[in-house]
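Good morning, and thank you for the time. I would like to walk through one structure, going from its domains to its sheets and then to its helix and chain contacts. Please keep the display open while I speak.

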Amino acid sequence: MTFARSLLASAAATALMAGAALADPAIIFDLGGKFDKSFNESAFNGATKWAEETGGSFAEIEMQSEAQREQALRRLAEDGANPIVMTGFAFATVLGEVAPDYADTKFVIIDGVVDAPNVRSVVFKEQEGSYLVGMLAGMASESGTVSFVGGMDIPLIHKFACGYAQGVKAANPDATIIQNMTGTTPAAWNDPVKGSELTKAQISQGSDVVYAAAGGTGVGVLQTAADEGIFSIGVDSNQNHLHPGSVLTSMLKRVDVAVYNAFTAGADGIEPGIVALGLAEGGVDYAVDDNNAELITEEMMTAVDAAKEKIIAGEIEVHNYETDSTCPAM
Amino acid sequence: MDVMPKWAEVILVPLISLILAALLSAVVILAIGENPIKAVSIMVDGSIGGVRGWGYTLYYATNFIFTGLCVSVAFHARLFNIGGEGQAMLGGLGVALVLLYIPFPHWSLALVAASIGAALFGALWALIPAWLQAARGSHIVITTIMFNFMAAGLLNYLLSNTLKPAGQSDPASAKFDAAYDLPTLNSILTDLGFQAARDDSVNVTFLLAIAACFAVWFLLWRTRLGFQIRSFGQSETAAKYAGISPLKITVIAMLISGGLAGLMAVNTAMGEQERLVLNSVEGAGFIGIAVALMGRNHPFGVFLAALLFGFLYQGGAELALWTSIPRELITVIQALVILFTGALDNMVRTPLANLFLHLRKGKEPPETAPPPPGPKRPDHEPEGTVKEA
């Protein structure tokens, strides 16, 4: 009897401790891996920056399988993590189901849209940033042929490709644009070997600037471009440092800022609804630093910055592939 | 081979193997600089320390029971079905097609129909390798492995192109009708007024899995077909001599095996995810091989082994969640369990058999003492006879 009681008491104590241990924010990285040097890593950097500045701690989960998204999400919500940030469109369906069950928890989904009173959906105007790097590609290309390697074949990635194509055409109306997607499953986010093969194939077709919007797959694209002596363009994180002299620039998608802001706002400060971050909001941009300063001439810089101003002012409207699933420039 | 009493054979040998595997795992955890005791407590707490943990442990166990039975039935006919993974994937397709395109008034009817669909698709996916083995002599290990890849490719194609609803980026089917949600342990507990988790984890499919255990036992040991399967497995020539058709038995055993693997999808697709996603099998087809090995191809053994692997799987997920121990380490632990219980079985069995022989010798020397010139270690006897022959 006494034994049973003490057992119960200790069980209750552990249950309480488990609940109290986690009023922290949490982040879930989707397939592709936390250290993909791109999308997920950018999110991780944002979370780390918050932890370093505030001294707080956060829970994190790296997805290993498509089938466990719901389990991971509920696990964090039930343990009291708040807010919960998740990276990737693939969470949209699952979150739509889970969010109503945890009305007191705030969720932030990046790259996906979920309509619920406790969900903030953060999407980016990737077409705008891609337009700028497309202009740089069009001006840097000597062969007049540039290329694009996408990760998974989904509308989101076509949005990158379409913005890029429009930028290339703006700089060089006669340019040829080659586009390839790595695959149709989430495995396409982490397949550097195939990324490398696609790049080689594109080079053999004359491409001398390649833009990778493919998560971890992009590592292989950038590596091959460096090996073969052509220019590449990184994505999401600033990837200029990976191969200085070969990476022309990177299309910055400030996932880190989105995560940082969510963590800083905290459960009470997060406003539900959809936010679209473009050039005007500083959500996307192109990267210039010591690694690529020599590659971008004064003339290129002026042209791109002028276009940037015009996009912000609304004088240039970059077509968004997701609105009608077509791309005028391709 | 009655060197050991039955209880030692069934319980002691696997238990000692498990302890050895656990010890070695502890060494591995120590080697990467983590505390093994803390790791074990996290695993235990996360898998059997509460309703939520139990829910997922039993959920995974349900998967492993089906795939374990799948491998066992084939094993009894001396067929090594490595295609459980692909057969379960196709089972998922069966579930999805039934639930997406046929309307049902109640979840129970939907469950029956989905089970039939799952078993049918799984069985059909096993049919071609079975026929190739029986009629053409193509080795079933090779063909079933190849069929796993084909299943993955087929599902990938269908989910990305045909079954994916318009406007969705994720390669997954549409949600099944909410009316088909299966009652789960959590929902039943909540209805009874207890506080439970809100996951869709273990559900009525668990009962289906237990029923499948009984059905497989009945089939193998209480029916004429089961006898034919087992005789065919023991000796093909003898079975042929007795008038058993190898082609028929190979095909039937594989159909049953594939059907059992397919049934797993009822648990994952209908019970938990409520839609068909890529990779919903999550390697359960391969774990089924370990489960069958450890369960000695007996449904009750498969049931126990599936519980153990359910615990390892759920505990492992928790471990990856709350420590810096990578999830891959769980695969290492599982591999050690498989290694010790399957491949290194004799390492434990032989010394244990010797021990029991000694004990018995000490107790009742006149009856069981071997004649003076006889071999001291009877377990080595078969080897000796083979050499002489």
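This is a predicted model: local features need pLDDT of at least 70, side-chain atom pairs count only at pLDDT 80 or more; totals for chains, interfaces and linings use all residues.

Let us begin with how the two domains of chain A meet. Across the boundary, 23 residues of domain 1 of chain A are in contact with 19 residues of domain 2 of chain A. On the domain 1 side, the elements that give two or more residues are helix H2 (39–54) and helix H9 (255–269) of chain A. H2(A) gives the most to that side, with 5 residues. By class, the domain 1 side has 11 nonpolar, 6 polar and 6 charged residues.

I turn now to the sheets of chain A. Strands of a sheet pair through backbone hydrogen bonds, either parallel or antiparallel. In one open sheet of chain A, 6 strands follow the order E2-E1-E3-E4-E5-E11, and the pairing is parallel. Strand E2 (59–62) and strand E11 (273–277) of chain A are the edge strands, each pairing on one side only. From one strand to the next, the twist averages 15°. For a detail of the pairing, consider strand E4 (residues 107–110) and strand E5 (residues 119–124) of chain A, which pair in the parallel sense over 4 bridges. Which residue in E5(A) is the bridge partner of Ile110(A)? The partner is Val122(A).

Another open sheet of chain A also has 6 strands, in the order E7-E6-E8-E9-E10-E12, but here the pairing is mixed. Strand E7 (176–183) and strand E12 (284–286) of chain A stand at the edges with a single partner strand each, so one side of each has no neighbour in the sheet. The twist averages 15° from one strand to the next. Within this sheet, strand E6 (residues 145–152) and strand E8 (residues 209–213) of chain A run parallel and are joined by 4 bridges. Val149(A) stands opposite Ala212(A) in E8(A).

Two helices that pack on this sheet deserve mention. Helix H5 (residues 126–140) of chain A touches E6, E8, strand E9 (231–236), strand E10 (247–253) and E12 of chain A, and its direction makes about 170° with that of E10(A). Helix H7 (residues 192–204) of chain A touches E6, E7 and E8 of chain A, and its direction makes about 160° with that of E7(A).

Next, a helix pair in chain B. The axes of helix H4 (residues 84–101) and helix H6 (residues 140–162) of chain B come within 7 Å and cross at roughly 25°. Angles under 35 degrees count as roughly parallel, and H4(B) and H6(B) are therefore roughly parallel to each other. Their crossing is left-handed. Among the residues making the contact are Met89(B) and Leu93(B) of H4(B), and Phe147(B) and Leu155(B) of H6(B). The residues of this contact divide into 9 nonpolar, 2 polar and 1 charged.

Finally, the chains themselves: 19 residues of chain A are in contact with 20 residues of chain B. On the chain A side, helix H3 (69–78) and helix H6 (155–171) of chain A each supply at least two residues. H3(A) gives the most to that side, with 4 residues. By class, the chain A side has 7 nonpolar, 7 polar and 5 charged residues.

Conventions
Residues are numbered from 1 along each chain as its sequence is written. Chains are lettered from A and ligands numbered from 1 in the order in which they are written. Axes are lines fitted to C-alpha atoms, for helices over the stretch in contact, and angles run from 0 to 180 degrees between N-to-C directions. Angles under 35 degrees count as roughly parallel, over 145 as roughly antiparallel, 65 to 115 as roughly perpendicular and the rest as oblique. A crossing is left-handed if the near helix is turned anticlockwise from the far one by less than a right angle, and right-handed if clockwise. Two residues are in contact if their C-beta atoms, placed from the backbone, lie within 7 Å. Ala, Val, Leu, Ile, Met, Phe, Trp, Tyr, Cys and Pro count as nonpolar, Asp, Glu, Lys and Arg as charged, and the others, Gly among them, as polar. Two strands pair if DSSP finds at least two bridges between them.
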